[in-house]
Amino acid sequence: MPDTAMPTLYLSHGAPPLVDDQLWVSELAAWSRDLPRPKAVLIVSAHWESAPLTIGTVTTGTPLVHDFGGFDPKYRRVRYAAPGAPELARTVAALMPDDEPVHHRPDRGLDHGAYVPLTVMYPAADIPVLQVSLPTLDPARLLHLGERLRPLRDEGVLIVGSGFTTHGLPFLRDWTPNATAPGWSREFDGWAAEHFAAGDVDGLVDFRSKAPGMPYAHPTIEHFAPLFVALGASSDAEQEPDQVIDGFWMGLSKRSLQFA
């Protein structure tokens with residue numbers, strides 16, 4: 001167990017071909033090397049929305065959720081048999097209010113928003129992983145969820161919100177990794193970077209109405225929503241985080257953050 005609380009992360013997870021991008025892989029791998037080694041990873045991904053809060057598999061070796069199409073079949077052959085985290089699952093359930101039920105999906109494995117970055121950050125698959133659902137897309141409610149999960153950081157748990165800082169897939173015209181970022185993606189990314197640096201939680205919560213590039217940057221908002229879990233679980237939602245990764249991939253912002 002680390003001597004101090006683990007940080008929390010918001011990372012842009014990319015599609016399965018992320019693992020073939022040498023720059024991004026090197027950035028994620030370097031980031032993980034700089035982190036204290038976690039006792040377990042608790043991850044919330046943009047690719048699992050389910051209310052109320054739902055806890056996924058707690059067993060080792062459960063098949064992954066290959067929730068994507070249109071890519072080389074090799075990406076469906078990926079395996080990530082990380083240890084299960086039944087004790088962490090029980091603790092998460094206990095941290096929830098008595099009037100908010102918690103569901104369990106023992107058959108629900110890790111989706112690509114969870115396992116793709118983890119295969120790069122912890123390739124040995126030797127750290128227990130637990131995925132829970134996004135029970136809402138309301139930023140304020142997700143901040144409160146993060147606050148409830150905050151005590152886990154003192155137990156060595158790395159809390160990760162996995163999304164994508166911009167995710168306007170319907171509006172992309174160039175799907176190559178080095179594509180020029182569209183104006184809406186650059187504008188939203190710049191606005192987000194400024195508001196992260198300023199610790200402007202209120203502005204971030206109102207991103208749908210205040211951020212330039214909307215709604216193109218997020219025609220649906222599930223890829224920005226995990227940010228608020230990580231932010232709520234941090235020591236201070238108004239802190240200036242470390243903006244560890246920036247730049248674009250397929251024109252989408254891969255900006256990723258670390259909160260103390």
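Predicted model: local features only at pLDDT ≥ 70, side-chain atom pairs only at ≥ 80, totals over all residues.
Contact here means heavy atoms within 4.5 Å.

Residues are numbered from 1 along each chain as its sequence is written, and side-chain values use heavy atoms, with hydrogens and water left out.

Arg 255 sits in the loop between strand 9 (252-253) and strand 10 (256-259). Helices (H or I, at least four residues) and strands (E, at least two) are DSSP runs, numbered from the N terminus. Is Arg 255 buried or exposed? Its relative accessibility is 10%, so Arg 255 counts as buried. Buried means under 20% relative accessible area, exposed means over 50%, and partly exposed lies in between (1.4 Å probe, protein chains only).

Arg 255 touches Tyr 10, Ser 12, Thr 165, Asp 189, Ala 193, Phe 196, Gln 243, Ile 245, Asp 246 and Gly 247, with residues up to four places away in sequence not counted. With Gln 243 there is also a polar contact of 2.8 Å between the side chains. A polar contact is a pair of N or O atoms within 3.5 Å; within protein, one must be able to donate a hydrogen and the other to accept it, and residues adjacent in sequence count only if both atoms are side-chain atoms.

His 167 is another loop residue, placed between strand 6 and helix 5 (183-198). His 167 counts as buried at 13% relative accessibility. Neighbours within four places in sequence aside, its contacts are Ala 217, His 218, Pro 219, Glu 222, His 223 and Leu 252.

Helix 2 spans residues 86-95, and its buried residues are Leu 88, Ala 89 and Val 92. Down the helix axis they fall within an arc of 105 degrees, so they line one face of helix 2. The arc is that of the directions from the helix axis to the C-beta atoms. An α-helix has 3.6 residues a turn, so residues three or four places apart point the same way. Turned away from the buried side of helix 2 are the exposed residues Glu 87, Arg 90 and Ala 94. What do the buried residues of helix 2 pack against? Their partners are strand 2 (40-49), strand 3 (54-55), strand 5 (129-134), helix 4 (139-149) and strand 6 (157-163).

Helix 4 has its own buried set: Pro 139, Leu 142, Leu 143, Leu 145, Gly 146 and Leu 149. These cover an arc of only 160 degrees around the axis, which puts them on the same side of helix 4. At the start of helix 4, a side-chain oxygen of Asp 138 comes to within 3.0 Å of the backbone nitrogen of Ala 140. Asp 138 lies in the loop between strand 5 and helix 4. Asp 138 is partly exposed, at 33% relative accessible area.

## Cavities

How many cavities of 30 Å³ or more does the structure hold? There are 4. On a 1 Å grid over the protein atoms alone, a cavity is a set of points where a 1.4 Å probe fits but cannot get out, and lining residues have an atom within 4 Å of a point. Grid points are joined across faces, edges and corners, and a volume is the space filled by probe spheres set on the points.

The largest cavity holds about 110 Å³. Its lining has 14 residues, and Thr 57, Thr 59, Tyr 80, Ala 82 and Leu 110 lie nearest its centre. That lining divides into 7 nonpolar, 7 polar and no charged residues. Ala, Val, Leu, Ile, Met, Phe, Trp, Tyr, Cys and Pro count as nonpolar, Asp, Glu, Lys and Arg as charged, and the others, Gly among them, as polar.

The second largest cavity holds about 40 Å³. Pro 16, Val 19, Tyr 75, Val 78, Tyr 115, Val 116 and Thr 119 line it.

## Backbone exceptions

Most residues other than glycine have a negative phi, and most peptide bonds are trans. The table lists departures from this.

| Site | Feature | Angle |
|---|---|---|
| Ala 51 and Pro 52 | cis peptide bond | omega about -5 degrees |
| Met 214 and Pro 215 | cis peptide bond | omega about 5 degrees |
| Ala 125 | positive phi | near 55 degrees |
| Met 250 | positive phi | about 55 degrees |

Pro 52 is in the loop between strand 2 and strand 3. Pro 215 is in the loop between helix 7 (207-210) and helix 8 (226-233). Ala 125 is buried, at 16% relative accessible area. Met 250 counts as buried at 10% relative accessibility.

Terms used
1 Å grid on protein atoms, 1.4 Å probe; cavity = no way out; pocket = protein on both sides within 12 Å on 5 of 7 lines; lining within 4 Å.
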